[in-house]
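Here is a short report on one protein chain. Keep the sequence and the 3D view open as you read.

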Amino acid sequence: MSNFDQVRNKKVFEIIVVLKVIYIVLSLIAILSYLSPKMNEKNIIMISLVGSSILIFMMIYFVIMTKRYDNKKSINSGIIEHDGVKPGIIDYIETLVMLLIFYGVLVITGVEKSDYKLIGIFIVLISAIQFGKNYSIAVSVLCFIFIMLIDFSNTALTQKQISIYFEKDLILITAIFIVAFITGMYVDIEREHCEELKNLANKDELTGLYNHRFFQEYLQNSITNAENNGKEVSLLFMDIDYFKNYNDINGHQAGDLLLKQIGRILKKSVRKNDIVARYGGEEFAAVLPNTNEQDAIKIGERIRTAIQNTTFRGQENQPDKNITISIGVSSYPTRAISKSQLINTADDALYRAKSFNKNRVESYHSVLDDLCKQMNIQEDTIKSLKTFISMINLKDRYTYGHTERVVIYVKWFAQMLNLKEEEQIQIQVAAYLHDIGKLEIPENVLNKRGKLTDEEFQMFRSHPQVGVDLISHIKPFKAFVPIIKYHHERYDGYGYPDKLKGDEIPYLARMITIADSFDAMTSNRPYNIRKTHEEGIEELRKNAGAQFDPELVEKFIEMLEKYKDNF
């Protein structure tokens, strides 16, 4: 619920409270005015007790109502009102109590002769302001029934007297009905108008999903509610695979139609209190309140499967002959402790899904955290490393995805070679850090599509040494210095920075060289065309003994075959 809605609802609540107070006070005044000529000491005491009891009841009632309003405000701050304003059981009971008070006032103040039948209009006004036209008309009909019961219940009246009271009351009932109809209709129109304005402010015009602004507000409210109630909130980040390719081949109008179709599928695939937003371009986000990570992954899989199994116009021109979506999942507070961190971790998980062949659901998991904990590296050092990696990520998203994939490759590679546990951890951390020196390379050079100048090429050649300079003062990372420094050396001695040859190159550095090069060949990069895995393997064998350790090349290819279902 927006701040505007909260302010508006608070004012409406205050109006309703004032009307209820006036109604109760007028009912008491009506009773007292009618009974005052007949008052004696006993009646005065009785009326005082009844009046005091009613006032105490009113005070308790309004305290409860205020708390109920605050609870509703808290709950609604993170929940979408899908069905508009609907009365609950308590609201029906309140209306019934007010009608019974109305009936009681009429009975006490002269039955059919009562001059206080007009106070029934307050019940209708309250009902119209709270719940609109239909509810207020229903209440006006009940008022009519109560008045008719009063008029026709007195058997001592003649037909002529009944007709006189009926005619007078008919005018009154007509007035009450008109008030119910006009006020209720005005309230409905105002609510519909507000809803339309909110839709214009909160909805994406193309897809009809919520927009980025509303997403940010709703996510923050959901996190606040989760924190207050000890619950979890999960976030899905979704990106249509190869959307640029689809747009280029089929045109922007077809691309817009695809976005609309995807939007409809996303809305159907989530639950009532989940919201789906267009985050930007071909990216979507879904906020899942009161949902843990495992349930969020299931919802993500449901979305992925639904899109994969839907036939879209022009999908035959896509690389996989299908329209698919990649999804990243994170949750608060399991994986993140703030809104910004939740968004970043979901985005990281999405990029991981995009990096590993797309059309998959990936949850956020920090391998670096696990590795550093195993090495007893201090939390501050881990944070510094993450800051470096995040900075590179902002400059060059390829480097981030590349690093993640190289870590996975060397993990499997190290297991395949039965390396010691200490060496397995070392090579994975080194893989995370091997391109950290690119932090010093300007963004325009990192993402340059054309041929590099000699100066720019030298920047790339210097990144291993820059990486070493960044981590050499961190004592736990000294073991990684040779691996990072020499991961661009060649087996034939024509690499850099020191032109080491053969076994002079550290064993773990030779492993990373192969994993690093294979991923570079089989990934989309600004300056080369992506090779298939088969073409990448052929290239490794072609350069075995020159760029790569020939024995390790065959072991690496053996590892790729073993884990081929994971790609």
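## Salt bridges

A search of the whole structure finds 19 salt bridges. The model is a predicted one. Side chains of opposite charge can pair when their charged atoms come close.

Start with Asp 248 and Lys 244. Their side chains meet in a salt bridge, at 3.0 Å from N to O. Both residues belong to helix H8, which covers residues 243-250. They sit four residues apart, about one turn of the helix. An α-helix has 3.6 residues a turn, so residues three or four places apart point the same way. Asp 248 is exposed, and Lys 244 is exposed too.

Next, look at Asp 503 and Arg 510. A salt bridge joins their side chains, with N and O 3.3 Å apart. Is Asp 503 buried or exposed? Asp 503 counts as exposed because its relative accessibility is 61%, and the cut-off for exposed is over 50%. Arg 510 is buried, because its relative accessible area is 10%, and buried means under 20%.

Now turn to Arg 541 and Glu 554. Their side chains form a salt bridge of 3.2 Å, N to O. This pair links distant parts of the chain, 13 residues apart. Arg 541 is in helix H20 (residues 533-542), while Glu 554 is in helix H21 (residues 550-562). Arg 541 has a relative accessible area of 45%, so it is partly exposed. Glu 554 has 37%, so it is partly exposed as well.

Salt bridges can also form a network. Asp 239, Asp 241 and Lys 354 are linked in this way.

## A nonpolar patch

Which residues form a nonpolar patch on the surface? They are Tyr 103, Val 107, Val 141, Leu 142, Ile 145 and Leu 149. Together they have about 460 Å² of accessible area. Helix H3 (89-108) and helix H5 (133-153) each give two or more residues to the patch. The largest share, four residues, comes from H5.

Ile 145 is one of the patch residues, and it lies in helix H5. Its relative accessibility is 39%, so Ile 145 counts as partly exposed.

## Spans named in the record

An unreviewed UniProt entry lists several spans under "transmembrane region". Two of them can be checked against the model here.

Residues 12-32 are 100% helix and 0% strand. The end C-alpha atoms of this span lie 30 Å apart. Residues 170-187 are also 100% helix and 0% strand. The end C-alpha atoms of that span lie 25 Å apart.

## Helix H7

Helix H7 covers residues 212-229 and has 18 residues. How far does H7 reach from its first C-alpha to its last? The reach is 26 Å, close to the 26 Å expected at 1.5 Å a residue.

The buried residues of H7 include Phe 214, Phe 215, Tyr 218, Leu 219 and Ile 223. Gly 230 follows H7, and its phi is positive, near 65°.

## Cis peptide bonds

Some peptide bonds here are cis. One joins Tyr 332 and Pro 333, with omega about 5°. Pro 333 lies in the loop between strand E4 (325-332) and helix H11 (339-355).

Another runs from Tyr 496 to Pro 497, with omega near 15°. Pro 497 lies in the loop between helix H18 (481-485) and helix H19 (507-521).

Tyr 242 is not a glycine, yet its phi is positive, about 55°. Where is Tyr 242? Its place is in the loop between strand E1 (233-240) and H8. Tyr 242 is partly exposed, because its relative accessible area is 21%.

Asn 290 also has a positive phi, near 50°, and is a residue other than glycine. Asn 290 lies in the loop between strand E3 (283-289) and helix H10 (293-308). Asn 290 is exposed, because its relative accessible area is 59%.

How values were computed. Residues are numbered from 1 along each chain as its sequence is written. This is a predicted model: local features need pLDDT of at least 70, side-chain atom pairs count only at pLDDT 80 or more; totals for chains, interfaces and linings use all residues. Side-chain values use heavy atoms; hydrogens and water are left out. Patches are made of residues with over 30% relative accessible area and no salt bridge: like charges are joined within 9 Å, nonpolar side chains (Val, Leu, Ile, Met, Phe, Trp, Tyr) within 5 Å. Accessible areas come from the Shrake-Rupley method with a 1.4 Å probe; for residues, only the protein chains shown count as cover. A salt bridge is a side-chain nitrogen of Lys or Arg within 4 Å of a carboxyl oxygen of Asp or Glu. Buried means under 20% relative accessible area, exposed over 50%, partly exposed in between (1.4 Å probe, protein chains only). UniProt positions are given in the numbering used here, feature names are shortened, and annotations may be inferred rather than shown by experiment. The expected span of a helix is 1.5 Å times one less than its number of residues.
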